[in-house]
Amino acid sequence: MTNEKVIENKSPKKRKSKFKKVITRPSGLIGSVMVLLILLTAIFAPIIAPRDPFQINVMNRFEGPGRDFRLGTDDIGRDLLSRIIYGSRIALTVAIPAIIFGVILGLFLGIMAGYSSEKVDSSLIVFFDILRSMPALIFAIVVLTMIGPSVYVLPIIMGVTRVPIYGRLIRASTLMIKNNEYVVASHALGGSKMRTMFKHILPNVVAPLFIQAAMDIPVMITFEAGLSFLGLGVPPPAPSWGHILRTGYLNVRHAPHIVIYGGLALIIATLGFTLLGETLRDVFDPRLQRKGEL
Amino acid sequence: MFAYIARRALLIFITVLGAIILLFILFQFMPGDMATILLGPRASESLIESYRVRMGLDQPVYIQIFRYLSNVLRGDLGTDVLNHLPVSGLILNVLPNTIILAFSAIFMACLLGIPLGVFSASNQGSFFDYLTGFLSISMITIPHFLAGILLLLIFAVYLGWFPAMGAGQSGDIFNQLYHLVLPATALGLGWVGYIARLTRATVLEELRADYVRTARAKGLKERIVLYKHVLRCSIIPVIAVIGVGFGNLMGGAVLIEIVFHRPGLGYMIYRAIATRNFPVLQGGLIVAIFLYALANFAADLSYAFIDPRVRGE
């Protein structure tokens with residue numbers, strides 16, 4: 001609130017670039033640093049990790065943090081720090097494809113709902129409502145139980161649960177611009193429906209979707225961790241944070257360090273992406289603010 | 001208004017129906033045939049076949065769906081394959097635990113979130129305001145189940161103040177409340193953040209209204225202006241959000257119930273998946289979906305009640 005006021009009061013000449021605006025806000029700065037930390041960890045995991053995250057050391061089970069193992073070991077003696085470091089890769093390689101899949105499908109269906117006949121529109125709305133009526137986690141649990149844990153199917157299922165949200169967002173923006181002159185002109189000039197939809201409507205409705213998608217990254221990271229915690233996410237022995245937490249939870253009485261450090265990684269990732277996502281939203285599209293708060 | 005309610009109610013009916021049909025289709029692809037599960041791997045082919053015929057599993061899918069739907073409408077959700085009890089009875093046994101959990105989570109969230117929001121709005125820009133903002137966002141982002149595990153670690157394992165699992169002895173209300181504290185806190189924590197932020201935003205908006213200036217001008221104490229005048233108006237959107245929250249909590253409750261071994265709807269669904277107990281799974285999912293749709297319906301209604309523009313959508 002206060003930040004917005006400050007910006008409003010400045011003369012147009014002094015307006016900073018959007019990037020600077022993000023960085024100069026405390027939440028944006030903290031968020032960027034945390035996200036950068038996670039990204040660098042994921043990219044340079046093999047260099048940073050002190051040990052092989054898969055190497056089993058039965059002699060060193062449940063060792064507490066110490067000199068050999070900085071953050072201790074897990075139930076079969078694997079180095080916790082290395083597993084947490086490699087876990088950032090899993091978190092991102094599931095969350096980001098899930099968002100991309102949801103965005104593509106939601107974009108396509110949303111534009112179709114907004115620009116097609118009333119029949120198509122209302123049946124797509126009912127489809128969105130049906131999908132929305134299933135609690136996302138329960139839906140994912142059911143489908144993953146059917147097909148078993150899989151790295152390839154996981155992002156698709158997670159992405160599908162976001163389709164109603166993206167689809168409705170795009171539909172609303174499409175409805176707003178569908179009677180604009182350039183859309184009507186494209187139609188009048190004989191442009192096909194596909195051409196109008198994807199060449200003229202798409203570029204003009206996509207911006208709010210990107211912001212929403214950026215804000216969904218932490219949601220997806222949490223989602224993946226929750227599913228892996230249940231043993232339905234990324235199949236073992238992959239070092240997913242959800243797995244690490246599961247191991248820690250099952251041994252919480254005699255090896256609490258696993259839950260504490262594993263949880264810390266998850267908190268840094270979700271908090272960082274949320275702080276950054278919200279700042280991006282406030283800077284680029286303040287109108288979305290109220291919706292995001294619900 | 002009436003037309004709007006009717007339209008929303010019809011939409012709920014269609015979505016729940018659609019969800020049931022979707023579930024049924026999904027179940028067709030599930031590995032593990034119900035007859036084989038019930039009769040065990042050693043059952044002879046002919047026995048399995050006769051069971052399939054008796055249960056109607058040999059019929060085409062659409063007939064199965066129709067039969068199931070007509071049973072559901074009569075309140076019959078099938079029979080548990082493991083102990084032959086009616087599924088509806090099992091669900092009625094555990095459902096109160098989940099509903100109590102969700103309600104106490106929301107209650108706790110309001111109890112902490114609303115005062116926090118009002119206070120940080122009335123001290124806008126202060127250190128406390130920033131602290132609340134940061135705490136709120138931290139509470140929102142921490143995953144429910146992680147909050148649950150950490151609370152379990154601190155308050156049940158280290159300090160031993162609260163029990164780690166179960167829902168308490170039935171009949172003993174104090175014991176049940178005692179068992180409720182940790183799960184409800186874990187589930188409600190994120191909503192403390194949401195409600196604090198929402199309250200802050202609406203209070204800030206209201207503070208600019210003319211009636212606030214009037215109230216201040218006639219010499220009312222700031223506290224009375226805040227809590228008696230402003231809060232009354234700014235609480236409405238918060239109430240509307242609670243409807244949405246209740247729906248979301250149904251999903252979050254699954255993991256919390258698993259973490260705390262609390263016998264509720266989510267835990268039942270999870271157990272049913274692990275044991276491939278299809279009728280229980282199906283019944284549990286349908287009830288969960290129905291409750292979720294109902295909560296969303298209530299939220300839509302409260303929005304429409306508050307904001308007349310929604311009705312003419």
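Biologist: Let me start with one helix: which residues in α11(B) are buried?

Modeller: First, the terms. A residue is buried if 20 or more other C-beta atoms lie within 10 Å of its own, exposed if 12 or fewer, and partly exposed in between, with C-beta atoms placed from the backbone. Helices (H or I, at least four residues) and strands (E, at least two) are DSSP runs, numbered from the N terminus. In α11(B), the buried residues are B:L265, B:G266, B:Y267, B:M268, B:I269, B:Y270, B:A272 and B:I273. Helix α11 of chain B covers residues 265-274, and eight of its ten residues are buried, so the helix is mostly covered. Just after α11(B), B:R276 has a positive phi of about 55°.

Biologist: What should I know about the model and its numbering?

Modeller: This is a predicted model, in which local features need pLDDT of at least 70 and side-chain atom pairs count only at pLDDT 80 or more, while totals for chains, interfaces and linings use all residues. Residues are numbered from 1 along each chain as its sequence is written, and chains are lettered from A and ligands numbered from 1 in the order in which they are written.

Biologist: How many helices and strands does each chain have?

Modeller: Chain A has 14 helices and zero strands, and chain B has 13 helices and zero strands. The C-alpha atoms of chain A fill a box of roughly 75 × 55 × 30 Å along the principal axes, and the C-alpha trace of chain B spans about 85 × 55 × 35 Å. In chain A, 47% of the 294 residues count as buried; in chain B, buried residues make up 40% of 313.

Biologist: How do I read two helices that pack together?

Modeller: Two packed helices are described by the angle between their axes and the distance between the axes. The axes are lines fitted to C-alpha atoms, for helices over the stretch in contact, and angles run from 0 to 180 degrees between N-to-C directions. Here, helix α12 (residues 241-250) and helix α13 (residues 256-284) of chain A pack at about 155°, with axes 8 Å apart. That makes α12(A) roughly antiparallel to α13(A) (under 35 degrees is roughly parallel, over 145 roughly antiparallel, 65 to 115 roughly perpendicular and the rest oblique).

Biologist: Which residues of α12(A) and α13(A) make the contact?

Modeller: Two residues are in contact if their C-beta atoms, placed from the backbone, lie within 7 Å. From α12(A) come A:W241, A:I244, A:L245, A:T247, A:G248 and A:Y249, and from α13(A) come A:I258, A:V259, A:G262, A:G263, A:A265 and A:L266. By class, they are eight nonpolar, four polar and no charged. Ala, Val, Leu, Ile, Met, Phe, Trp, Tyr, Cys and Pro count as nonpolar, Asp, Glu, Lys and Arg as charged, and the others, Gly among them, as polar.

Biologist: And how many residues does each chain bring to the contact between chains A and B?

Modeller: Chain A brings 36 residues and chain B brings 42. On the side of chain A that touches chain B, α13(A) gives the most, with nine residues. That side has 25 nonpolar, eight polar and three charged residues.
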